[in-house]
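Please look over the sequence and the structure below before reading on. The text after them goes from the overall model to single residues.

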Amino acid sequence: MARIAGVDLPRNKRVEVALTYIFGIGKHRAQVIIDKAQVAPNKRTDVLDENAIRRIRDVIDAEFKVEGDLRRET
């Protein structure tokens, strides 16, 4: 199970959809993150390897406020 930004992503969902479970990431931002991380959008969260998860996590940490940081700001 992939854990990004303190959120366990649901199993057996496309990465594009699973990222929307993180507060502050909608469909458009999920597509941008996937493009920058160079991960196939049709890939399922069950089959993500550690390198893909790390690339996604790095993009989110570098460019977006999500979860706790965003909740504190609002």
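This is a predicted model: local features need pLDDT of at least 70, side-chain atom pairs count only at pLDDT 80 or more; totals for chains, interfaces and linings use all residues.

Residues are numbered from 1 along each chain as its sequence is written, and side-chain values use heavy atoms, with hydrogens and water left out. The term pLDDT stands for the predictor's confidence in each residue, from 0 to 100. For the protein chain the mean pLDDT is 87, and 95% of the residues reach 70 or more. Confidence is highest in helix 2, at a mean of 93, and lowest in helix 4 (residues 67–73), at 71. Helices (H or I, at least four residues) and strands (E, at least two) are DSSP runs, numbered from the N terminus.

Start with the inside of the protein. In soluble globular proteins, nonpolar side chains tend to be buried together. Buried means under 20% relative accessible area, exposed means over 50%, and partly exposed lies in between (1.4 Å probe, protein chains only). A nonpolar core is a set of buried Ala, Val, Leu, Ile, Met, Phe, Trp, Tyr and Cys residues joined through side-chain atoms within 4.5 Å. The largest such core here has 22 residues, and the members that touch the most others are I4, L19, I22, I25, I33, I56 and I60. Two or more core residues come from each of helix 1 (15–18), helix 2 (27–37) and helix 3 (50–63). Helix 3 gives the most, with 5 residues.

Which residues does I56 contact, leaving aside its neighbours within four places in sequence? With contact meaning heavy atoms within 4.5 Å, the partners of I56 are I4, V15, L19, I33, A37, V39 and L48.

Helix 3 can now be followed along its length and around its axis. Helix 3 has 14 residues and spans 20 Å from its first C-alpha to its last. That is close to the 20 Å expected at 1.5 Å a residue, where the expected span is 1.5 Å times one less than the number of residues. Its buried residues are A52, I53, I56, V59 and I60. Seen down the axis, these buried residues fall within an arc of 130°, so they line one face of helix 3; the arc is that of the directions from the helix axis to the C-beta atoms. E50, D61 and A62 are exposed on the other side of helix 3. The cover over the buried residues of helix 3 includes strand 1 (3–4), helix 1 and helix 2.

Next come the charged pairs. Side chains of opposite charge can pair when their charged atoms come close. A salt bridge is a side-chain nitrogen of Lys or Arg within 4 Å of a carboxyl oxygen of Asp or Glu, and the structure holds 3 of them. One joins K36 and E63, at 2.6 Å from N to O. Because K36 lies in helix 2 and E63 in helix 3, this pair ties together parts that are 27 residues apart in sequence. K36 is partly exposed at 46% relative accessibility, and E63 is partly exposed at 44%.

Another salt bridge links R54 with D58, whose closest N and O atoms are 3.9 Å apart. R54 and D58 are 4 residues apart in helix 3, so about one helical turn separates them. R54 is partly exposed at 41%, as is D58 at 42%. In the pair of E16 and R14, the closest N and O atoms are 2.4 Å apart. Here E16 counts as buried, at 13% relative accessibility, whereas R14 is partly exposed, at 30%.

A few single residues remain. A18 lies in helix 1 and is buried, with a relative accessible area of 0%. Not counting residues up to four places away in sequence, A18 touches L9, P10, K13 and T45.

Most residues other than glycine have a negative phi, and most peptide bonds are trans. A5 has a positive phi, near 55°. A5 sits in the loop between strand 1 and strand 2 (7–8) and is partly exposed at 30% relative accessibility. N12 also has a positive phi near 55°. N12 is found in the loop between strand 2 and helix 1, and is partly exposed with a relative accessible area of 47%.
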